[in-house]
Amino acid sequence: MIQLRDVSYVRLGTRDLEGATRYATAILGLEVAERGHGAAYFKSDQREHTLCYFEGDPADQVVAFEVDTRAELDAAGAELERLGHPVHRGTAGEAQQRKVRDFIAFRDPTGNRIELVWRPQMSSRRYHGARDAGITGFSHIGLCTTDAVRDEAFWTSVCNARVSDRIGDAPLLRIDEVHHKIALFPTNRAGIQHINHQVASADDVQRSLHHLRGQGIPVVFGPGRHPTSGARFLYFEGPDGMVYEYSSGVSSIADELLYRERQFEFAPPGFCMWGAEPQIREFRK
């Protein structure tokens, strides 16, 4: 079983790198860590970067997960190949682009581009956002799935993910104590469905609501509170159709033996206990 330690970073292609950079800093509240060679890297916590926008096709999207050792990375590559998922071993130059010592790349059953990385680079500088959004770190990603049952089986049997809760057929998956680091949402395409950053408090969520509205950024869900993780949330549009989320107060699952996954309806009450209705395609029937 592939032991995923944490979600590490997201790489997103864009045809407007300058516009994406302005958004990541002035709107989202990230810090530029590095620019050059057709890419911009952004910090949101102690890591050297958690988001990279690069010049390219907006459909070119990658999610990376950290593993503990090179031996685990090698074993993961062999197991993926055995299961019929062709693996690309990153070159030294590609690893340098990603700020990691080594990595492999493959596609999950839906076709989402996934990278497993070893020794992602930490920063000697603490994160200091371009605006005070209250961000405490990059937290989780939503992935598109064309077959939720099949993809849940991949993430929970090939990898170490466990189901925390389901909204309809959409599983929310944990790889540590945090309620979920991966969420799989049924749709008809591959790609990243949303990108989440945690913020310190519900006050930060509310402040960002007013900031986003003042900047003309469409808010597509919230503010609200998830009945699954208990988090206060806000979803809003980003460059190239990406959806970003702020949330605060996500629950932890410390006792694996006592916790039992729960089922919620795939309807607005299953997504928000305050009554907000999502304007997000994958959250609507």
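The entries below cover a helix, the cysteines, a strand and a sheet.

**Entry 1: what I am looking at.** I noted at the start that this is a predicted model.

**Entry 2: helix α1.** I asked myself how many residues of helix α1 are buried. I found that 8 of the 11 residues in α1 (residues 17-27) are buried, which leaves the helix mostly covered. I wrote them down: L17, G19, A20, T21, Y23, A24, T25 and I27.

**Entry 3: cysteines.** How many disulfides does a search of the whole structure find? My search came back with 0. I reminded myself that a disulfide is a covalent bond between the sulfur atoms of two cysteines. I looked up C144 and saw that the closest cysteine sulfur, in C159, is 18 Å from its own, so the two are too far apart for a bond. The cut-off for calling a pair a disulfide is within 2.5 Å. I also checked burial: C144 counts as buried at 0% relative accessibility, and C159 counts as buried at 1%.

**Entry 4: strand β4.** Why is β4 largely enclosed by the rest of the structure? I found that 4 of the 5 residues of β4 (residues 51-55) are buried. I next looked up its pairing. Strand β1 (residues 6-14) runs parallel to β4, and 5 bridges join them; L12 has Y53 in β4 as its bridge partner. Strand β3 (residues 39-43) runs antiparallel to β4, with 4 bridges between them, and here A39 stands opposite F54.

**Entry 5: a sheet of 9 strands.** I traced an open sheet with mixed pairing, in the order β14-β15-β16-β13-β9-β12-β11-β10-β17. At its edges I found β14 (219-225) and β17 (262-264); each has a single partner strand, so one side of each has no neighbour in the sheet. On average, neighbouring strands here are turned by 20° against each other, direction ignored. I followed β14 to its partner β15 (residues 232-237): they run antiparallel and are joined by 4 bridges, and G224 has F233 in β15 as its bridge partner.

**Entry 6: helices on the sheet.** I saw helix α4 (residues 148-158) packing on the sheet, where it touches β9, β10, β11 and β12. The direction of α4 makes about 160° with that of β12. Helix α5 (residues 202-214) also packs on the sheet, touching β13, β14, β15 and β16. The direction of α5 makes about 25° with that of β15.

Technical notes:
Residues numbered from 1 in each chain as written. Predicted model: local features only at pLDDT ≥ 70, side-chain atom pairs only at ≥ 80, totals over all residues. Heavy atoms only, no water. Buried < 20%, exposed > 50% of the residue type's maximum accessible area, 1.4 Å probe, protein only. Helix = DSSP H or I, 4+ residues; strand = E, 2+ residues; numbered from the N terminus. Pairing = 2+ DSSP bridges. Axes fitted to C-alpha atoms, helices over the stretch in contact; angles between N-to-C directions. Contact = heavy atoms within 4.5 Å.
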